[in-house]
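Me: Could you walk me through this one? I would like to go from the whole chain down to a single side chain.

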Amino acid sequence: MSSGHPGAASLSPFKEHEEPLLNIEFSNVEARNKLERRLLWKLDLRMSMLVLIYILNYIDRNNVSAARSRGLVTDLHLEGKQFAMLLSILYVGYIIMQIPSNMFLNYIGKPSLYLPACMVIWGIISALTGITYVTGVPLTRLFLGFVEAAFFPGAVFLISKWYKRDEIGLRLTILSCGNIISSSAFGALIASGILSDMNDNLGHAAWRWLFYIEGALTVFAAIIAVFILPDFPINTKWLSDDERRLVLKRMEEDAGVGDETETEQGGRCHGLYLAVTDWKVWWIALAAASQVVASSFAIYFPTLTATLGYNPTVTLLLVAPPFVCAAVVAFVNWSEELLRHSDRTQERFYHMSASYIVGIIGFIVAMCTINTAARYLSLFLMEQSNAGIMLLVAWISTSFPRPPSKRAVCFSLINSIQQLGSIAGSYVWQSNWGPTYRYSYGICLAASSISITMCWVFRQHLKTLNRKLEEEEREKGIKERGFRYLL
């Protein structure tokens, strides 16, 4: 980075006399690689905190599903579609707050304080759910959505500020494995212990203890996260001068332009304008929302395992194996081979679609039989579609690279629209469609097929944009290959 680089004067603590050393150091490939390996190792250790936060995020969001069969519905006198409303009301605040939250995060540049602060608030709200009654629970769920909205788009944006495009896929897979584990595996194991052993302790029902304990765990983890999570490269205090310069250089090399002030134009809302006027954002958001509808079975997993005919404790324990299996397969097979291969080949769509097709096979099996073993096997197959969702998130994170203000809004806008699928998915699993839920599985099958089709259209458009970029380079006589969209 030369002293004439735009924004260089503001990149404290850079010093002008150190710029020549920077060029010499980065021209030494061996020295740079050694520094880069050390940097990534340090960064990965700190970013691993996001996995724990994601686990707690989903546990606090989905614990009502575990509490459903152990007194929550009876104590609150819920009837008809009221439980589905209890699930879906969370996403009202979740959708509304994601865009302003990520814009605010990009403005303050302090995720190490902002994300844990939001964690403390949602942990307290989750715990308060245990002391509320008929009108109070929907309100706490509503406010929980407002605060939880900060985490996932903020985490993806934070990762995109540190890692190159060929590194993001694996990191987002590791993060998403936290989602798989927490969605029902880890959460169900905790819930089964609390719900089976703590009923009427101190006069409180077991489902209320579920909210108290899991909310307290979130607050405790938030305090630890303050001291572990990084901020952005420009203001993270534990980076050495060499490491800071290397991070910024890596991001500049990856996209052909820097990731700080180099591409920013206009006021604070210019990134919002760029995002909402880009049709690609809306298209891929709707494709993602469709796949979320297809994945809505995860919210009702305890209900689906209950159709196998076992008692409530065994039902919750049966939730765990499909999710544990999905996490292992996603990480060992899909993430290590599929995602690494996807990163190497710079290809996303076909790898993602292969995962979705496995899930579709699971839907078909569940629709065609009432055999207990076959239906339980189908749950394992459905869960494998999570690897495709990981790839979709990785694809989105690399399809809107610059400027950072637009990227921040894109992540939150897409995730907001995506959660419309969660609202719709809350009503897919109506109790009068059980115990076979054939209509529900049919809706999921159709939604996944729509998502695959829309992603194919998105891929074809990016392919056209890449051809235009190649033509521009030829016309200008540029021999070095520049930025290309991943397909």
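Reply: Happy to; the questions below concern a predicted model.

Me: What share of its residues is buried?

Reply: The protein chain has 487 residues. Buried here means under 20% relative accessible area.

Me: Are helix α3 and helix α7 roughly parallel or roughly antiparallel to each other?

Reply: Helix α3 spans residues 49–67 and helix α7 spans residues 111–129, with axes 10 Å apart. They pack at an angle of about 30°. Angles under 35 degrees count as roughly parallel, so α3 and α7 are roughly parallel.

Me: Which residues of α7 make the contact with α3?

Reply: α3 passes α7 in a left-handed crossing. From α3, the contact is made by I53, L56, N57, D60 and N63. By class, the contact has four nonpolar, three polar and one charged residues. On the α7 side, the residues are M119, W122 and S126.

Me: Is T129 buried or exposed?

Reply: T129 lies in helix α7. Its relative accessible area is 3%, and the cut-off for buried is under 20%. T129 is therefore buried.

Me: With which side chain does the side chain of T129 make a polar contact?

Reply: Leaving out residues up to four places away in sequence, T129 touches V137, T140, W207, R208 and F211. A polar contact needs a pair of N or O atoms within 3.5 Å. At 3.2 Å, the partner of the T129 side chain is the side chain of T140.

Note on methods. Residues are numbered from 1 along each chain as its sequence is written. This is a predicted model: local features need pLDDT of at least 70, side-chain atom pairs count only at pLDDT 80 or more; totals for chains, interfaces and linings use all residues. Side-chain values use heavy atoms; hydrogens and water are left out. Axes are lines fitted to C-alpha atoms, for helices over the stretch in contact, and angles run from 0 to 180 degrees between N-to-C directions. Helices (H or I, at least four residues) and strands (E, at least two) are DSSP runs, numbered from the N terminus. Angles under 35 degrees count as roughly parallel, over 145 as roughly antiparallel, 65 to 115 as roughly perpendicular and the rest as oblique. A crossing is left-handed if the near helix is turned anticlockwise from the far one by less than a right angle, and right-handed if clockwise. Contact means heavy atoms within 4.5 Å. Ala, Val, Leu, Ile, Met, Phe, Trp, Tyr, Cys and Pro count as nonpolar, Asp, Glu, Lys and Arg as charged, and the others, Gly among them, as polar. Buried means under 20% relative accessible area, exposed over 50%, partly exposed in between (1.4 Å probe, protein chains only). A polar contact is a pair of N or O atoms within 3.5 Å; within protein, one must be able to donate a hydrogen and the other to accept it, and residues adjacent in sequence count only if both atoms are side-chain atoms.
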